[in-house]
Amino acid sequence: MTTWTPVRWARHGDIELAHDRLTERQDGAPLLLVTGLGVSRLWWPDGLAEALAAQGFAVARYDQRDGGESTHLPPTATGNPITALFRKRGESYTAEDMADDAIAVLDALGWDSAHLFGQSLGGAVAQRIALRHPGRVRTLTSVSAVPGDVAGLGALRYIRLGTLGKLARMRFPATPEGDVEAGLALVRLLHSPAHPLDEQATRDMITGLADAGSRDRHSQSRQIGAQWHGPAISRITVPTLVLHGADDPLVKPAAGRAVAARIPGAQFVSLPGVGHDLPEPVWKDVALRVRRLADRKDTGSIGRTGRGGDGPHPEGSD
């Protein structure tokens with residue numbers, strides 16, 4: 001059975017950030033999981049964390065601001081994530097603030113530096129952390145994410161509009177039952193087509209989360225609307241691995257290719273049959289790739305395309 005430490009708290013100004021650590025391999029190489037849009041750290045599959053621990057990593061996870069048990073900001077005028085994406089500035093905080101939150105978590109953990117593993121919005125945030133705090137980042141793994149320096153129309157080219165429209169039309173009551181149905185609808189929409197979804201196991205997992213994040217459009221809007229004012233991702237200097245599901249129904253694989261093409265020496269790996277999630281059959285392979293990245297970080301041997309990677313494609317064409 002997977003066990004995590006009791007929840008602990010990091011502080012960044014007025015923001016409190018909930019985090020915990022896997023009890024396995026606490027003496028391993030530090031690795032921080034950077035969570036995606038709206039959801040809590042509890043959405044990370046325990047099996048993925050265990051696979052990373054088996055590769056020698058000490059794994060920690062945290063709730064972004066406006067997610068999970070971390071501080072939620074007061075309501076703002078924008079409650080539509082699509083509208084927030086196109087605003088010229090965030091209403092509550094910046095993308096730099098979100099990057100600095102992760103550093104506050106590293107400080108609270110007592111980690112001078114860590115490997116970063118971010119998925120979806122968490123992948124974009126992880127890219128920004130590597131830009132803003134390169135000395136605190138050992139390696140970067142960005143999964144199913146758009147380039148961290150794009151916004152508005154620049155980001156839209158990488159998003160599947162049909163899926164975005166379905167997400168925008170979802171409405172669920174503000175009840176525990178509504179939270180479960182919202183989470184289940186999200187998983188159904190984004191899951192990997194080559195890997196059958198276990199509906200009952202998924203429902204049981206979501207019921208145990210007690211998380212409203214998948215239907216909290218105001219919090220999602222503040223997160224996705226946070227604007228980046230820093231340098232381009234081409235300035236990232238840490239060893240980088242870019243993973244992207246070949247059948248991602250939300251973010252086009254062209255986004256992952258663009259990230260890898262623009263970060264010097266980055267490796268792109270396409271995951272066949274994988275959607276906007278990371279299903280159980282790929283956990284061991286993903287963890288092994290992260291281990292290889294960590295092992296090669298000082299050798300300068302990281303290639304542009306790894307096993308399972310594709311050749312060049314026009315950006316936004318998938």
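This is a predicted model: local features need pLDDT of at least 70, side-chain atom pairs count only at pLDDT 80 or more; totals for chains, interfaces and linings use all residues.
As for the overall make-up, the protein chain has eleven helices and eight strands. Of its 318 residues, 57% count as buried.

Now for a local piece of the fold, the pairing of β1 with β2. These two strands run antiparallel, with five bridges joining them. They make a hairpin, and two residues sit between them. G13 is in that turn, with a positive phi of about 65 degrees. Within the pairing, A10 stands opposite L17, which belongs to β2.

Here are the elements with their residue ranges:

| Element | Residues |
|---|---|
| Strand β1 | residues 8-12 |
| Strand β2 | residues 15-21 |
| Helix α11 | residues 283-295 |

Helix α11 brings us to L288, which lies within it. Is L288 buried, exposed or partly exposed? L288 has a relative accessibility of 30%, so it counts as partly exposed; the label covers values between the 20% limit for buried and the 50% limit for exposed.

How far apart are L288 and A51 in space, C-alpha to C-alpha? The answer is 8.3 Å, although 237 residues separate the pair in sequence.

How values were computed. Residues are numbered from 1 along each chain as its sequence is written. Side-chain values use heavy atoms; hydrogens and water are left out. Helices (H or I, at least four residues) and strands (E, at least two) are DSSP runs, numbered from the N terminus. Buried means under 20% relative accessible area, exposed over 50%, partly exposed in between (1.4 Å probe, protein chains only). Two strands pair if DSSP finds at least two bridges between them.
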